[in-house]
Amino acid sequence: MTPARAGSAGSGDAGPEWRSGLEEAERVELTVDAVAPGGHCVARVDGQVVFVRHALPGERVVAEVTELHRGFARADAVEILAASPDRVTPPCPYARPGGCGGCDLQHVAPAAQLDWKTAVVREQLTRLGGLTDAEIDGLRVAVRALPGGPLGWRSRVRYAVDAAGRAGLLKHRSHEVVPIDRCLIAHPAIQELPVLGQRWPTAEAVATVASTGGDVVVTTLPDGVSTRPDVAAHPAAAPPDGPAHPAAPGDGPVPVRETAAGRDWTLPAGGFWQVHPAAADTLVDAVLDLLDPQPGESAWDLYGGAGLFAAALAGRVGPQARVTVVESAAEGVAAARRNLADLAGVEVVAARVETALARRRVTGPVDLVVLDPPRTGAGAAVVRHLVAATPRAVAYVACDPAAFARDVRTFGQAGWRLAALRGYDLFPMTRHVELVGLFLPPTG
């Protein structure tokens with residue numbers, strides 16, 4: 001092993017000489033400090049920040065530098081000198097330095113993963129959201145586990161295909177494919193598919209779905225050819241040393257069934273749906289509990305997708321009340337119109353949320369808003385439009401704590417407050433966390 005340079009947490013400020021001092025692939029001995037966004041922990045070497053994966057707070061490790069940047073470096077913990085009591089052996093052999101980058105926290109005990117994610121949420125609300133420790137304490141922020149355990153939950157897995165036609169998953173921050181024989185966080189029905197035991201010489205990726213309605217579908221990309229697993233061999237697959245089978249004519253996207261919010265849903269296999277089987281109902285329950293919709297109230301479901309929240313709201317506010325879904329993706333719009341056709345009070349608007357609000361494609365008065373934006377968040381313009389519409393409450397469903405925290409600050413600048421916040425571990429073994437926040441307008 002290359003001799004390790006010693007480092008410690010909190011040993012000084014950044015300096016320009018540091019970048020020339022560390023080298024890529026160099027190994028350094030350091031003490032790990034607090035968790036950070038992105039599945040890392042923070043450490044310092046010669047006063048410079050190093051973001052370390054595969055480590056835990058308080059550990060003494062040997063870390064190998066993987067990237068150098070102005071003012072910071074990235075590294076992997078390759079040897080554990082003093083382990084945290086929260087460290088466990090990763091159940092997957094590919095969850096290691098240089099291996100698959102899909103799981104960030106397999107080395108962390110399940111209960112400690114919840115604490116890790118809670119700490120990240122608190123840090124983002126403080127640094128980006130502008131909330132005080134007392135305000136965050138008042139929210140009683142905590143990330144909760146979903147039923148089913150930390151493995152076998154992912155109902156949608158997209159495998160990358162390497163130049164040899166082997167399916168696998170990508171390394172962290174890389175386009176390099178790591179061939180694997182099993183993904184342990186994949187749904188059991190996906191694990192049983194022969195995707196990883198075949199060659200895919202004509203595919204760039206293979207997408208798999210195991211729906212809550214019992215459908216299992218395999219789709220090759222970029223051609224979009226879909227089949228179900230009762231077909232003996234997928235048309236684009238070949239035995240390890242055999243030729244590719246031609247795609248069957250007429251094959252294309254196939255629908256899958258999902259169940260949530262007391263309803264059955266049909267959407268394309270590649271359409272958006274929550275990847276944890278318990279996620280849709282968990283989020284619906286949280287939104288309804290926080291908003292407490294009343295009969296006759298009007299509502300907007302923004303970034304509404306297939307209309308999951310709109311259906312739940314419509315069931316509470318009644319058929320005479322107006323519920324408006326705004327969705328920009330054509331696939332989502334079609335799914336919403338098809339799945340909500342029986343709800344007379346629901347309207348689906350095909351538009352970007354920013355455009356719909358700015359050009360008054362949706363108009364008030366409105367009582368309730370569900371905001372479920374992409375990972376980039378709603379953004380200041382959307383938040384300002386919502387504030388101007390004066391709903392009595394906004395439920396914000398967020399998949400990125402940093403983007404959510406920035407929007408918390410924008411709401412706060414308009415006098416609105418984050419009145420409640422719930423965290424859910426929809427993505428066990430990974431760094432990702434889902435939040436549901438309740439925003440209320442100024443009183444008096």
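Here is a short chat about how a few labels in this predicted model come about.

Colleague: What are the ground rules here?
Modeller: It's a predicted model, so local features need pLDDT of at least 70, side-chain atom pairs count only at pLDDT 80 or more, and totals for chains, interfaces and linings use all residues. Residues are numbered from 1 along each chain as its sequence is written, and side-chain values use heavy atoms, with hydrogens and water left out.

Colleague: What is the average pLDDT of the protein?
Modeller: The average is 91, and 90% of the residues score at least 70; pLDDT is the predictor's confidence in each residue, from 0 to 100. Over residues 231–251, though, pLDDT is below 50.

Colleague: Why is α5 called oblique to α6?
Modeller: The axes of α5 (residues 279–291) and α6 (residues 308–317) cross at roughly 45 degrees. Under 35 degrees counts as roughly parallel, over 145 as roughly antiparallel, 65 to 115 as roughly perpendicular and the rest as oblique, so α5 is oblique to α6.

Colleague: Which residues of α5 and α6 meet?
Modeller: Among them are Leu283 and Val287 in α5, and Phe309 and Arg316 in α6; contact means heavy atoms within 4.5 Å. By class, this contact has 10 nonpolar, no polar and one charged residues. Ala, Val, Leu, Ile, Met, Phe, Trp, Tyr, Cys and Pro count as nonpolar, Asp, Glu, Lys and Arg as charged, and the others, Gly among them, as polar.

Colleague: What makes β12 and β13 a pair?
Modeller: Pairing takes at least two bridges found by DSSP. Six bridges join β12 to β13, so they count as paired.

Technical notes. Helix = DSSP H or I, 4+ residues; strand = E, 2+ residues; numbered from the N terminus. Axes fitted to C-alpha atoms, helices over the stretch in contact; angles between N-to-C directions.
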